[in-house]
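Subject: Structure handover

Hello,

Here is the structure I said I would pass on. My notes on what was found follow below it.

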Amino acid sequence: MARLHSILFLSVLCYVATAKKILLSTPRMDDSQSSHVTQTYTYVCHPSRFNDLGLNMEYFGYCNKSLPFEVRAKDLVDRLSLTEKVGQLGDQANGVPRVGLPKYYWWSEALHGVSDFGDTATFFNATIPGATSFPTPISMVSSFNVTLWKTIGQVVSTEARAMNNLGQAGLTYWSPNMNVVRDPRWGRALETPGEDPFVVGTYASTYVRGLQDVEGTENTTDLNSRPLKVAACCKHYAAYDVDNWFGIKREGIDVSVREQDMLETFVKPFEMCINDGDVSSVMCSYNRINGIPACADRRLLLDTIRKEWNLHGYIVSDCDSIEVMYKNHKWLNDTPEAAVAQALKAGLDLDCGAYYTKYGGNAVVQGKVREADVDKALKNLYVVLMRVGFFDGSPQFESLGKADICSEGHRNLAIEAARQGMVLLKNDDAVLPLNGQDIKSIALVGPHANVTTTMIGNYHGIPCGYTSPLDAFKQSIGNVLYAIDCADVSCNNGSSFSPAIQAAKDADATVIVAGLDLTVEAEQLDREDLLLPGNQTQFINQVASASKGPVVLVIISAGGVDISFAKANPNIKAILWTGYPGEQGGHGIADVIFGKYNPGGRLPLTWYEKDYVDLIPMTSLQLRPLDSLNYPGRTYKFFNGSTVYPFGYGLSYTTFGLSLTAPNIAFDIPLNKFQKCRDLNYTEGASKPSCPGVLIDDLGHQCDSLTVGFDVEVANVGEKDGSEVVFVYWSPPRSIVDAPIKQIIAFSKVFVAAGESTSTHFDFNVCKSLELVDYKGYKLLASGVHKIIVGNNDGSFQVPINFQT
């Protein structure tokens, strides 16, 4: 992976607020069951709290800080009856006052800021009226800036801990969403990091590190005792990306997935999130996979997440998944007790729902599951709560308070994140940035011209405040002709577009802010087509035709939109895609259009032409082209047709040149008698190597020495400072059937001043980065000539691999 260069410089934040150790109320630790406790404490094992309960804390081993977490968790579990145990297995854990255990609400969200979505664990009020709302993940990932991703995670967790100190937030956050966007119609694309599994896994593990890592403890040897700032969760596992497509819903769908696609696309990011991010939780999804509900699949949960990947944490269901298993899937015609037993035995620790608490006791009594399975689940849960400070407190975060939420530094970071996520798609005649000397007035029109809530997407909280495009434009240029035209994104309000057309005729330049919103793409709402909704296209064309000056089209959306009409329209000189840019999205848009910021974002999704959706149903999870049904491939890895804009596309106000220092390297790998050659399918007439490939697991420690390093010189030959994303792709040996066209193995965001150049270094391990998953589900290193491509074919070199038998 590349040695990533930071282009983000932040001042050190000074935390001045002091949080009290005793609060009047808090949602995440509730002693309301006990009439003896009049105050709620910020952590469980506080001597005064036990005194209030009439208990002696020294009697309870789970409060003995000198003992390992696993021992303490066992002590707590061993004190509970079966009824009490199952009462703790739901997202709203009941608590057991007689042993000093309070209620706990597990469900909090932090997808792109602290959210009040979910149960009552996190909320806003007059004390803390809001938290910083950053761009949604599809926008954050388009920056391709790993440093930015982690910094945002750190800020979000800082605000979460500050709110927790004030009794308004939990400690366990079910974020990020890291499902690969396989189909452009998926409604939840705004929540995700795009279509490339490596990028998705890198984003998720980096954001998780930002949320979870406690400074100085990142490299703790015993990961089950590593302290957590907050506990994150990678979701939704696995092969989940259909919500509601023409009545086919996520709660009932049974997806057919090849093992090849599961390994290289659908589960690979989760493996990275666990191994690289050390995430403390994974959430399983509603759907069935090849007939088995994801939340009851022992091979997926216990064997893979827990044993193979060695999760240090707990596994939770998507909310009401066990009920869905029983009522919708009707899997094995199970009773509720049998469904609960199946999930527990598969390794599901926590039920976001009520089935574990309602039916778990009977499932044990009926002999369908062992009480020991309940015990294991609880121990996994309590160890995480101990690591996050629920039982012992976290002194290093006690000083965080109101001043650490919605601070000026956090607001500026939200502006910077919005800027970095902008992707410039068209800039004919270098019309952008708009020149203040020539442009004295701006017509600002379109359904999103004065948008606020739309910019923060979903799974949001209450933001610190909004800067709409209109607000930002008024701050950037004195004369803004704002026209109220479309009542909503459909532009079907029945009125003419006269106000917008007149403004365009009068102004020196016109900016149309259009696109999608949550009425078109959202959770439980997949798209039916790839077009702008309603009469938007007509609106844009009419305004562009009437405009006196250059027209800039701004698209707010997550999924790609077929805007070929705008791309080809000579009156529309520039197109800017924003994603859902967060509370400060208006600043990001204005700063790019007026040249305060040079755009450097790149598309994290392929933008297909509109006819693509007519060629393949959304319910087909096949990634590779399927000739028998004339299905095209999916994502840039397997689709070779024409696009509106390809994955990774993005323009700048300057020009970069990439120069590769290619290594002269080849690997001749000797095999012993226990290392067997594996067959691969080749295209007809192709020359087949004597040893097509070897299992990577069989190569073992030989892989350690199979490394490649190289440098890429990035020169800014234009007149403006700017940032370039350097992508490194791998293209497998030619003629291997079903191999990807290419796929990302590394990337780096590089800032280069005008007229300057800088070098960025990449290292990769051949076994890890050139891994090929064959049709049988084997992970192989293939022999032959592998190609490493830098940028948009700015340079390449070959890595020949030969096995000596």
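Tryptophan 174 is buried in this predicted model, with a relative accessible area of 0%. Tryptophan 107 also counts as buried, since its relative accessibility of 16% falls under the 20% cut-off. A search of the whole structure finds 40 aromatic pairs. Tryptophan 107 and tryptophan 174 form one that is stacked, at 6.0 Å centre to centre with 20 degrees between the planes. Tryptophan 107 lies in the loop between strand E4 (104-105) and helix H4 (137-141), and tryptophan 174 in the loop between helix H5 (146-165) and H6, so the pair ties together parts that are 67 residues apart in sequence.

Tryptophan 186 and tyrosine 240 make an edge-to-face pair, because their ring centres are 5.6 Å apart and their planes stand at 85 degrees. This pair links distant parts of the chain, 54 residues apart: tryptophan 186 is in the loop between H5 and H6, and tyrosine 240 in the loop between E5 and strand E6 (244-245). Both tryptophan 186 and tyrosine 240 are buried.

One aromatic cluster includes Phe50, Tyr62, Trp106, Tyr314 and Phe391. Two lysines also sit over rings. The charged end of lysine 567 is 4.7 Å from the ring centre of tyrosine 645, and lysine 742 lies over the face of tyrosine 729 at 4.0 Å from the ring centre.

On the helices: H8 (residues 268-275) is largely enclosed by the rest of the structure, because six of its eight residues are buried. They are Pro269, Phe270, Glu271, Met272, Cys273 and Ile274. The cover over these buried residues includes helix H6 (197-212), helix H7 (259-266), strand E9 (281-284) and H9. Helix H9 (residues 299-308) has buried residues of its own, among them Leu300, Leu301 and Arg306. Just after H9, asparagine 310 takes a positive phi of about 60 degrees.

On the strands: E8, E10 and E11 form an open sheet in the order E8-E10-E11, with mixed pairing. Its edge strands are E8 (254-255) and E11 (292-293), each pairing on one side only. E8 pairs with strand E10 (residues 288-289) in the parallel sense over two bridges, and valine 255 stands opposite isoleucine 289 in E10.

Strand E18 (residues 572-577) is mostly covered, with five of its six residues buried. E18 pairs with strand E13 (residues 423-427) in the antiparallel sense over four bridges, and runs parallel to strand E17 (residues 551-556), joined by five bridges. Alanine 574 in E18 is the bridge partner of asparagine 427 and also stands opposite valine 552.

Regards

Note on methods: Residues numbered from 1 in each chain as written. Predicted model: local features only at pLDDT ≥ 70, side-chain atom pairs only at ≥ 80, totals over all residues. Heavy atoms only, no water. Pairing = 2+ DSSP bridges. Buried < 20%, exposed > 50% of the residue type's maximum accessible area, 1.4 Å probe, protein only. Contact = heavy atoms within 4.5 Å. Phe/Tyr/Trp six-rings, centres within 6.5 Å; stacked < 30°, edge-to-face > 60°. Lys NZ or Arg CZ within 6 Å of the ring centre and 35° of its normal.
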